[in-house]
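Dear colleague,

Please find the structure below, for your records and your own calculations. My findings follow it.

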Amino acid sequence: MRHLMSPLDFSVEELDQLLDLANDIEKHPEKYAHACDGKKLATLFYEPSTRTRLSFEAAMMNLGGNIFGFSSAASSSAAKGESVSDTIRMISCYADICAMRHPKEGAPMVASAVSSIPVINAGDGGHQHPTQTLTDLLTIRSLKGRLNHLVIGLCGDLKFGRTVHSLVRALARYENVTFVFISPEELKIPSYIKEDVLESSHIPYKEVERIEDVMPVLDILYMTRVQRERFFNEEDYVRLKNFYILNNKKMKLAKEDMIVMHPLPRVNEISVEVDKDPRAAYFRQVQYGVYVRMALILTLLEVKVC
Ligand code: NCD
């Protein structure tokens, strides 16, 4: 039995297969409409979510399966003091697969150690968010036609943003990917990612503060929100929250075929005027998220569709 804790749990070849399956689902959704008849997905969300939880639920429903779960710690037995390990032992008796989001780094990993069903990490604290990364890889491969030979700018809260941490790990495995980290001093990418993921493999990267300076060289601009819930004080959040606002004026500096991505939710970091720009890919990204989660559920449940 397999779990998904980190995007690196799949080899590059396995990822290719998963993304191929997602593309086939996109083209022929009817083929998959009953693939999970009678199967149940539990969504255990100890932290707020709109897209990820609903995207998992939509994915399972598109496969003909059923869903149940909770959407906040307050509405689960966690409020009574139940441990994640006990909860998952119990859920294993009810469901065939589960997706878990938790504010504590490593909680889904703890669950996977005692679970008798596949556990998917749907975001653990500031650590990882592997299914967002699968979504991002599918979006990039579908819209740019490749996952190698790319210059990707990651902008905003690179310190706490788990989507960034997972995506950098995943893209670092492809040839000739250059990373440009765009952030204020206080929200720089953690040094463990620079050292363990990039420098150890001689992967080129640079760190800048001004988005305008690098815009013309980017193939992808990955915007992120300042992660208010992970700040220790409100004052710092207020000072940093509007540090970057992508608007049409800045978009003029970018390549014609650059794409703008964002895991969403957006706060102020992308002005709504940019939504009309054909290079804005963040809502298409949401749709890819459903296809890739369908592919992931089929893969972890070992359901084959001919
Ligand atoms: C992200 C998350 O939860 O980390 N959202 C998502 O799952 N699409 C990004 C964020 O909350 O900023």
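**Nonpolar cores**

Leaving out residues up to four places away in sequence, Leu171 touches Leu137, Ile140, Leu147, Ile152, Val177 and Phe179, where contact means heavy atoms within 4.5 Å. Leu171 is also one of the residues that touch the most other members of the largest nonpolar core, together with Ile152, Leu154, Val168 and Phe179; this core has 61 residues. A nonpolar core is here a set of buried Ala, Val, Leu, Ile, Met, Phe, Trp, Tyr and Cys residues joined through side-chain atoms within 4.5 Å. Buried stands for under 20% relative accessible area, exposed for over 50%, and partly exposed for what lies in between (1.4 Å probe, protein chains only). Another core, of 22 residues, lies apart from it and includes Cys155, Leu246, Met258 and Leu264.

**Basis of the values**

The model is predicted, and therefore local features need pLDDT of at least 70 and side-chain atom pairs count only at pLDDT 80 or more, while totals for chains, interfaces and linings use all residues. Residues are numbered from 1 along each chain as its sequence is written, and side-chain values use heavy atoms, with hydrogens and water left out. Helices (H or I, at least four residues) and strands (E, at least two) are DSSP runs, numbered from the N terminus.

**Helix α1**

The 16 residues of α1 should span 22 Å at 1.5 Å a residue, and the end C-alpha atoms are 23 Å apart, which agrees; the expected span is 1.5 Å times one less than the number of residues. Leu15, Leu18, Leu19, Ala22, Asn23 and Ile25 are the buried residues of α1. Seen down the axis, these buried residues fall within an arc of 155°, so they line one face of the helix; the arc is that of the directions from the helix axis to the C-beta atoms. Glu13, Gln17 and Lys27 are exposed on the other side of α1. The cover over its buried residues includes α5 (130-144) and α11.

**The segment before α1**

Met1 lies in the segment before α1 (12-27) and counts as exposed, at 56% relative accessibility. Apart from neighbours within four places in sequence, Met1 is in contact with Ser115, Ser116, Ile117 and Pro118.

**Largest pocket**

The volume of the largest pocket is about 370 Å³. A pocket is an open set of points on a 1 Å grid over the protein atoms alone, where a 1.4 Å probe fits, with protein on both sides within 12 Å along at least five of seven lines; lining residues have an atom within 4 Å of a point. Grid points are joined across faces, edges and corners, and a volume is the space filled by probe spheres set on the points. Of the 21 lining residues, Arg101, Arg162, Arg225, Leu264 and Pro265 are the closest to the centre. Helices α2 (51-62) and α6 (162-171) each supply at least two residues of the lining.

**Backbone points to check**

The peptide bond from Leu264 to Pro265 is cis, with omega near 10°, and Pro265 sits in the loop between β9 (259-261) and α11. His149, in the loop between α5 and β5 (150-155), has a positive phi near 50° although not a glycine. His149 is partly exposed, with a relative accessible area of 36%. Glu302, in the segment after α11, likewise has a positive phi, near 55°, and is exposed at 61% relative accessibility.

Kind regards
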